[in-house]
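Please look over the briefing below, which groups its points by topic and gives the cut-offs behind each term.

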Amino acid sequence: MKPSRLPMLAGIRVLPALLVFTNHAGLQGVFTNETVNFLIVGLTAAIGEAALSLFFMLSGFVLAWSARPGDRAGRFYRRRLVKIYPNHVVVGAVCLVLLVVTGGVATAGTVLPSLFLVQAWVPSVPVLSGINGPSWSLSCELLFYLLFPVLLRLVGRIRPERLWWWVAGLGAGIASLPFLSLLLPYEPTLFGLPVPFYRFWFAVFFPPVRVLDFVIGIVLARILAEGRWPAVRPRVVLAVLAGCWAVALALPVPFNFVGPFVVPVILILGTAAAWDADGRRSWMSSPLMVRLGDLSFPFYLLHWPVLHYGHMAVGTGSWSPPVAIAFLIAALATTVGLAWLLATLVERPAIRRWSDPRPAPRRPAAVPVS
């Protein structure tokens, strides 16, 4: 019998969330020493995108693992929209107010795509950034949800002995994306850096290509359910991750993003899920990590506004290491606190109220006439 609760998979969300936070913290340039800022961004950029790949695979895995037999597509769509959209709208509204108050410009061309979660389909920096840059990934999640009922049925038809071949094929497809992106022009570059924007957008942001990550998660759920996941030691997973990270640091954009991390991300997800299925526990499945992992989605939505507007509030300068580190710790703590408030005041009430249609009121029984 499959366990309904996957504590290690919940706790493991904390690590990719922190990686994304660290990378975006580096972009704020809060350290006086520009080398430090450069190293933070350079060392975490590629693995930060790998963190999103883990989130996408996790999404496919968890949805497939917890799929309800006979569940209707309409009810599934309702539950998923209620899970993400109220948080997105509330955080987006706050960001829009902050943008206007701080002298930024909001246009229909940047606000509406973000509102309707289609911004990642448009190869434009202002549109992708929108009013809360990290929310671009919700464009991908929305496509995943729309396709999930069909994808789940298709993956369910794969013969068990061929599941690993499908993982290999999907992983090869992800690794081939940078080569396909070479068909797109090199110019323009991103912010004057040697980052060909259209190629970067295609390999990292374009929702249809990120479906590959999502489907791998669905296939991994079947592999685990079929008892076909091999025993992998955590130290092996860490060694593979370190090696792939080193390779990614030596590759140019967009070859350094996503592709080099396919194997370690699969190993991380599968190994953690196998531990959950076997009832094994570690510090990653402790109540604290599980609680923080449950806050990873609101944390993800809030971390950039806290960093960006928090930096503006205290002065958009740079500081000595002790002051800069204190600012980043304060920003991290603030993001966690706000994530808890968002989950408590918005996410959970919305799920309780709207995730499932309420049953029709029962009519009083007719009183027989004697």
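Buried here means under 20% relative accessible area, exposed means over 50%, and partly exposed lies in between (1.4 Å probe, protein chains only). This is a predicted model, in which local features need pLDDT of at least 70 and side-chain atom pairs count only at pLDDT 80 or more, while totals for chains, interfaces and linings use all residues. Residues are numbered from 1 along each chain as its sequence is written, and side-chain values use heavy atoms, with hydrogens and water left out. Helices (H or I, at least four residues) and strands (E, at least two) are DSSP runs numbered from the N terminus, and contact means heavy atoms within 4.5 Å.

- Leaving aside residues up to four places away in sequence, Trp229 touches Trp164, Leu220, Ile223, Leu224, Ile266, Leu267, Gly270, Thr271 and Ala274.
- Helix α9 (residues 197-205) is mostly covered, with 8 of its 9 residues buried, namely Phe197, Arg199, Phe200, Trp201, Phe202, Ala203, Val204 and Phe205.
- These buried residues of α9 pack against α3, α6 (125-129), α7, α8 (163-181) and α10 (207-225).

**Packing of α4 and α7**

- Helix α4 and helix α7 (residues 136-156) pack at an angle of about 170 degrees with their axes 9 Å apart, where axes are lines fitted to C-alpha atoms, for helices over the stretch in contact, and angles run from 0 to 180 degrees between N-to-C directions.
- The two helices α4 and α7 are therefore roughly antiparallel to each other, given that angles over 145 degrees count as roughly antiparallel, under 35 as roughly parallel, 65 to 115 as roughly perpendicular and the rest as oblique.
- On the α4 side the contact is made by Ala73, Phe76, Tyr77, Arg80, Leu81, Ile84 and His88, and on the α7 side by Leu138, Leu142, Tyr145, Leu146, Phe148 and Pro149.
- By class, this contact of α4 with α7 has 11 nonpolar, 1 polar and 1 charged residues, where Ala, Val, Leu, Ile, Met, Phe, Trp, Tyr, Cys and Pro count as nonpolar, Asp, Glu, Lys and Arg as charged, and the others, Gly among them, as polar.

**Buried polar side chains**

- His303, in helix α14 (residues 296-314), is buried with a relative accessible area of 1%, and a polar contact of 2.7 Å joins its side chain to that of His24.
- A polar contact is a pair of N or O atoms within 3.5 Å; within protein, one must be able to donate a hydrogen and the other to accept it, and residues adjacent in sequence count only if both atoms are side-chain atoms.
- Thr44, in helix α3 (residues 34-65), counts as buried at 9% relative accessibility, and a polar atom of its side chain lies 2.5 Å from the backbone oxygen of Ile40.

**Backbone geometry in loops**

- Most residues other than glycine have a negative phi, and most peptide bonds are trans.
- A cis peptide bond, with omega about 0 degrees, joins Glu187 and Pro188, and Pro188 is found in the loop between α8 and α9.
- Leu117, which is not a glycine, has a positive phi near 60 degrees and counts as buried at 2% relative accessibility.
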